[in-house]
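Please inspect the model below before reading on.

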Amino acid sequence: MIRTRTLLFYDSRLRRLGPLALPTLWGAVAVTWKLGCPLAQQPGLPMRIATSVLFFTVGTGLILGIRRGLSRALERMRVIADATQRVLLRPPPPRLDGLSVAAGQLSASRGASVGGDLYEAVATPYGVRVVIGDVRGHGLAALGAVVAVLGSFREAAHDEPELGGVLRRLDRALARHLRERARDEHPAVCAGREPEHPAAEEFVTVLLLEIRPDGQVYALNCGHPGPYRIAHRVEPVPVGDPLPPLGAFPLPAELPAYPCTRLMTGEALFLHTDGAEDARDPAGRFFALERVLTEAARDAPLSPAALIHRVHGALLRHTRGRLADDVALLVVRDDRVRVPAQPAEPGLRRTRPAPSPHC
């Protein structure tokens, strides 16, 4: 095992140094020629030009070799970042229990494909449950809270019969993450006791939805923007009195889910984080999200993925590609076909079968 690890270590080093091998050899030959060859010691302009060309060629080769190695390292980092995004914010299935679903994210951190926003949608025995949230701050520093909340939701959504139970599980998972992070940041202060102040006073705004088979939607809102309902027109959906963000204050003892709306066939919910409505252009004007959705609703019915793409494009044009905060979007459209109950024909009535004489 040790020998294998040693071989892998040296193989990795050789791969990194490979692009520099040929330019380094050229440099050694050039220095040897300059110092040891009598012809190179002769004065004169032609020999100076030849020496300069030789060393310029060697320097160019070294620069190109370093650039090639950095490009390979950057490509490996991009592959790792894409894999991380697929694990943390995996794309939701396009179909969930008769619903069409799509989601997407724009990170405010340059070069980052994940940030402080989170979303997930899962089909459960209690209906399709959806979460969207926003960690205080943005970028790579918020990934720990994203992992804690999403990991808890993916289990609790299937286990808890009530939406309030799911929210309590998310709150406990975030509290554990903040305590562990505080211990890591202040090991001397937190030794032998719980930290008084959680790490960075972090909190998460969360919107939980439960979409039942009949289209009824229930919500629990912890300081998060409410969704838009897209039908014949676009309108904001009330989600009840807001609860405190997770991690900021304790949750109340009772957590009844709020019946906020009902989706009919073909109607959709558009969920977003506050980075969408708070995005500004260079003149300081806010992004008109509701107007963009209204314009999209006038066109032929858009798929959830097409609607996400359209809003992303409008956001990037509005901000000139310079977002101040992460943006997460999620669209759920009800594509279920509901057959209305058929009335009984006049003069017919259902009769119970006669009991068997053997009973």
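This is a predicted model: local features need pLDDT of at least 70, side-chain atom pairs count only at pLDDT 80 or more; totals for chains, interfaces and linings use all residues.

Residues are numbered from 1 along each chain as its sequence is written, and side-chain values use heavy atoms, with hydrogens and water left out.

**Nonpolar cores**

A nonpolar core is a set of buried Ala, Val, Leu, Ile, Met, Phe, Trp, Tyr and Cys residues joined through side-chain atoms within 4.5 Å. Buried means under 20% relative accessible area, exposed over 50%, and partly exposed in between (1.4 Å probe, protein chains only). The largest such core contains 27 residues, and Leu167, Val206 and Leu208 have the most contacts inside it. At least two of its residues come from each of strand S3 (117-124), S4, helix H3 (143-159), helix H4 (163-185), S5 and strand S6 (216-222). Helices (H or I, at least four residues) and strands (E, at least two) are DSSP runs, numbered from the N terminus. The greatest contribution, seven residues, is that of H3. A second, separate core of 23 residues includes Ile230, Phe270, Leu289 and Ala296.

**Helix H7**

Helix H7 (residues 304-319) has 16 residues and spans 23 Å from its first C-alpha to its last, close to the expected 22 Å (1.5 Å times one less than its number of residues). Its buried residues include Leu307, Ile308, Val311 and Leu315. After H7 comes Arg320, whose phi is positive, near 60 degrees.

**Salt bridges**

A salt bridge is a side-chain nitrogen of Lys or Arg within 4 Å of a carboxyl oxygen of Asp or Glu. By this rule there are 13 salt bridges.

| Pair | N to O distance |
|---|---|
| Arg129 and Glu210 | 2.8 Å |
| Arg233 and Glu235 | 3.3 Å |
| Arg333 and Asp335 | 3.0 Å |

Arg129 in strand S4 (residues 127-135) and Glu210 in strand S5 (residues 204-211) lie 81 residues apart, and their pair links distant parts of the chain. Both Arg129 and Glu210 are buried. By contrast, Arg233 is exposed, at 58% relative accessible area, and Glu235 is partly exposed at 23%. Salt bridges with shared partners join Arg229, Arg233, Glu235 and Glu267 into one network.
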